[in-house]
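This briefing collects computed features of one protein model for use alongside the sequence and coordinates. The points are grouped by topic.

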Amino acid sequence: MGFLSLIMFVCWCCSGKAAGEDQPVQTFVIPHSHMDVGWVYTVQESMHAYAANVYSSVTEELSKVKERRFISVEQEFFRLWWDSVASDTQRRQVRQLVKEGRLEFIIGGQVMHDEAVTDLEDEILQLTEGHGFLYETFGVRPQFSWHVDPFGASATTPVLFALAGFNAHLISRIDYDLKDSMQKKKKLQFVWRGSPSLKAQQEIFTHTMDQYSYCTPSHLPFSNRSGFYWNGVALFPDPPKDGLYPNMSLPVTKETVRPYAETMVENIKQRAAWFRTNHVLWPWGCDKQFYNSSVQFRNMDPLMTYINQNSKELGVTVQYATLGEYFQSIHQSNLTWDIRGSEDFLPYSTEPYQAWTGFYASRNVLKGVARRASSKLHVAETLFTRYRISFPDGPVAKDWALDKLRALRWAVSE
């Protein structure tokens, strides 16, 4: 750390935090839905049960209220919805939401790639496939990652994302002991230089989620239902026709708004104590959420309004935000961050005697299928390229071949 950086750091320690102690904690509420691609259920089953409803209902609800936001992470589900479900009206609404920055695409790959066993070429492939679609369709390029669910965090991924033009990286699943230590020392945010050879050329600001990870609290002291998820629990194989899902939480009313607000504020303040700035990222979502967005936003809106109306008493303000808006606020704080080298966060461990090292060697048949599919894709693309160069007017139709290659790219990504 240079002399000037040291002065900035000391000044912050002496006065920066103290100056903000009387200010309300500024909370960036980021609505999202974590949608695993091919986990337990197939992509098609997940689309039918909830994923299609996420984008249909979120599009409608964001279009109603200007303050609302949403981030879209796994592009495989969004692309399937865009190509086979979305109406012309919904497509126009999405284009407007993207233009206004209220719907933000995060990562932009087909999936949130695994970091422990996935081949680098396949990571680049699925990222390229998703980014190409977003640029061709909306003219946008993702700026941030949201790597909240891979089982550990490698040093290769931040290098890949930095070289892809990302401005910040977000991770979550790291060793529980290490995360606890980083929380206590307020070191959950840092600049990661994942490559010892590229060094500062590919450094990237990295945010580590706290112990609550990417979900809001699901157990509330006054309710035994699904916490802050008023839309209940997703149903397989068919969504209910009446829109009533199991375990729907108590609605926000005059009687319940205060305990909901106190629970949310308490959690926000707990998280705020683990970070250096007065800005808190509060992810509002979890696995398979926001498929019934009208119910979800209808309860979120009055709760957030109540907290803001009582911000002086509660010591917290809340606002809907995208991930980009949160990182922008962190950037404007002008703090100096610790540098992390090429060390990774592997193996992943959740509690004593619970290291996930078996994941690296398990599912050998599935991983073998993935490797063979990747090899076949590489061969097919090479052969097709050589064929088109040698026989540009040959009998193999270009569009037909490209459709087949895209199907294989999607399979490899999954």
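Strand β5 (residues 189-192) is joined to β9 by two bridges, and these two strands run parallel. The model is predicted.

**Strand β7 and its pairing with β1**
- Six bridges connect β1 (residues 25-31) with β7, and the two strands run parallel.
- One of the paired positions is T27, whose bridge partner in β7 is V280.
- Strand β7 spans residues 279-284 and is mostly covered, with six of its six residues buried.
- From β7, H279, L281 and P283 point one way, whereas V280, W282 and W284 point the other way.
- The residues pointing in either direction are all buried, and V280, the partner of T27, is among them.

**The contact of α3 with α4**
- Helix α3 covers residues 75-84 and helix α4 covers residues 88-100.
- These helices pack at an angle of about 135 degrees, and their axes are 9 Å apart.
- Angles over 145 degrees count as roughly antiparallel and those from 65 to 115 as roughly perpendicular; α3 and α4 are therefore oblique to each other.
- On the α3 side the contact is made by F78, W81, W82 and D83, and on the α4 side by Q90, R91, V94 and R95.
- By class, this contact has four nonpolar, one polar and three charged residues.

**Loop residue V140**
- V140 is located in the loop between α5 (120-138) and α6 (156-163).
- The relative accessible area of V140 is 24%; because buried means under 20% and exposed over 50%, V140 is partly exposed.
- Leaving aside residues up to four places away in sequence, V140 touches V98, F105, L134 and Y135.
- V140 and N224 are separated by 84 residues in sequence, and their C-alpha atoms are 42 Å apart in space.

Definitions and conventions:
Residues are numbered from 1 along each chain as its sequence is written. This is a predicted model: local features need pLDDT of at least 70, side-chain atom pairs count only at pLDDT 80 or more; totals for chains, interfaces and linings use all residues. Side-chain values use heavy atoms; hydrogens and water are left out. Axes are lines fitted to C-alpha atoms, for helices over the stretch in contact, and angles run from 0 to 180 degrees between N-to-C directions. Helices (H or I, at least four residues) and strands (E, at least two) are DSSP runs, numbered from the N terminus. Angles under 35 degrees count as roughly parallel, over 145 as roughly antiparallel, 65 to 115 as roughly perpendicular and the rest as oblique. Contact means heavy atoms within 4.5 Å. Ala, Val, Leu, Ile, Met, Phe, Trp, Tyr, Cys and Pro count as nonpolar, Asp, Glu, Lys and Arg as charged, and the others, Gly among them, as polar. Two strands pair if DSSP finds at least two bridges between them. Buried means under 20% relative accessible area, exposed over 50%, partly exposed in between (1.4 Å probe, protein chains only).
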